[in-house]
Amino acid sequence: MIALPKHGGHDVVVIGAGLAGSCTALELARQGLKVALLDRDPTPMNRASRRNEGKIHLGLIYAADPTFATAELQLRGGLSFYPLLSRWIGDRVDSLETSSPFLYLVASDSILTPEQLQSHYEKVEQSYREQTAEDRSLTYLGTRPTSLARRIPLEKLDKRLNPSGLSAAFETNELAIDTDQLAEQITQAIAAHENIEFYAHHCVHEIDAKENGFVLSGESTGSSWSHQCEQVVNATWESRLILDATLGLKPPPGWLYRLKYRVLARCPDRLRNAPSTTMVLGRYGDVVMRPNGTAYLSWYPVGMQGWNDQLTPPSQWSDACQGDRLLHEPALADQIIDGIKDWYPDIANCTPYQLDAGAIVAYGNTDVDDPDSGLHDRTQVGVSSVDGYHSVDPGKLTTAPFFAMQAAERVLSHASQPVTASSALR
């Protein structure tokens, strides 16, 4: 393990090597800055960026935000995702495997009707056409679908799905990527860049503003450390708010941490090329069918195992969030599968091989089955800067590269160096 020096050698310190922090570091390194990238885990992208369904959103799922702002942001992030990753990992982005396209299944007790959802999807499609016409660099994972969502009759639903309890279904062109593959590609790019030094097992406990920058202090494998630097990017996920607070920065009201478990499972041959599915709109779940014969499975009523509104989530969440294999708790995996098999019967024949969790950070006091819940609004995110301190809330995996680019631009601007903005952000 590399020991972080007390002074000098780096133009900027990036705390948190999730997707947002890693991409910020890669862009700053690309621009010639020396970057120290810190994470409490042994490798980059080992927590929330890795332990999610990998869906690259087009804005379809956020139909309950009446302002449409969340959908617009997710669409912009989704269309920028591939161009920005190409900037940082090159042709390796083309090796990322994608899931089968998502079917959106409308539950009979959905908080929005099929007609309301269809109206939202049409609005998303119009925005998609406008954005891609205005900026030719924007693509959806390297392609430009001719349409995003189409309603299909329930009687034409894939025979492996059970339409009982559904009021409608929509075919979409949304896809998920394999987050394990993404983590490997990002990790390789970080390791290969001469301008980035990655410091594993480095927890930051406090940040002090000084006349000429900042002093970070923390712990690494039982030993305390401190480091002086001119600029800091706080791209942590579960620790972002509490680190901001050490500098006296207050978060917007209503923040909420949720702990959501997922199951990774091996599928029977009958599910090869089966559709990925998202149940809408409420406390439901997702099935992501991967080309390697495995699936990501979530069922929110069972998998949501934590709810916390403190500045930092409970330490007891950490083991699940760093990917410890928890199949010594098979009951939870079985319960998640039981919640899905009513509408996706063959999921009952899948064999779980991993159970872990990710922390979700959002703003709201009631759950997603409340049409008025703040959780449907994901616009209180982005980059906040005070002098040379930059705090990044990426919101979703989809928008992490988008906001990473913005964070890098803030750092470069503060350093009075020329900014090379991606055309995807103009």
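Me: How do the residues that line the largest cavity divide into nonpolar, polar and charged?
Reply: A cavity is a set of points, on a 1 Å grid over the protein atoms alone, where a 1.4 Å probe fits but cannot get out, and lining residues have an atom within 4 Å of a point. Ala, Val, Leu, Ile, Met, Phe, Trp, Tyr, Cys and Pro count as nonpolar, Asp, Glu, Lys and Arg as charged, and the others, Gly among them, as polar. The lining includes Val361, Asp377 and Gly395. Sorted by class, the lining has four nonpolar, three polar and two charged residues.

Me: Which pLDDT do side-chain atom pairs need in order to count?
Reply: Residues are numbered from 1 along each chain as its sequence is written, and side-chain values use heavy atoms, with hydrogens and water left out. This is a predicted model, so totals for chains, interfaces and linings use all residues, while local features need pLDDT of at least 70 and side-chain atom pairs count only at pLDDT 80 or more.

Me: Which residue of S18 is the bridge partner of Tyr257?
Reply: Strand S13 (residues 255-266) runs antiparallel to S18, and twelve bridges join the two. Two strands pair if DSSP finds at least two bridges between them. For Tyr257, the partner in S18 is Val361.

Me: Is Val287 buried or exposed?
Reply: Val287 lies in strand S15 (residues 285-289). Contact means heavy atoms within 4.5 Å. Apart from neighbours within four places in sequence, Val287 has contacts that include Phe102, Tyr296 and Trp343. Its relative accessibility is 0%, so Val287 counts as buried.

Me: Where is Asn195 placed?
Reply: Asn195 counts as buried because its relative accessibility is 10%. Among its contacts beyond four places in sequence are Ala29, Leu33 and Val35. Its place is in the loop between helix H4 (179-192) and strand S8 (196-199).

Me: Which strands stand at the edges of the six-stranded open sheet?
Reply: The six strands have the order S8-S2-S1-S12-S20-S19, with mixed pairing. Each edge strand has a single partner, so one side of each is left without a neighbour in the sheet; these edge strands are S8 and strand S19 (382-386).

Me: What angle does the direction of helix H1 make with that of S2?
Reply: Axes are lines fitted to C-alpha atoms, for helices over the stretch in contact, and angles run from 0 to 180 degrees between N-to-C directions. Within the sheet, three bridges join strand S1 (residues 12-15) to strand S12 (residues 232-234), which run parallel. Helix H1 (residues 19-30) packs on this sheet, and its direction makes with that of strand S2 (35-38) an angle of about 170 degrees.

Key. Helix = DSSP H or I, 4+ residues; strand = E, 2+ residues; numbered from the N terminus. Buried < 20%, exposed > 50% of the residue type's maximum accessible area, 1.4 Å probe, protein only. 1 Å grid on protein atoms, 1.4 Å probe; cavity = no way out; pocket = protein on both sides within 12 Å on 5 of 7 lines; lining within 4 Å.
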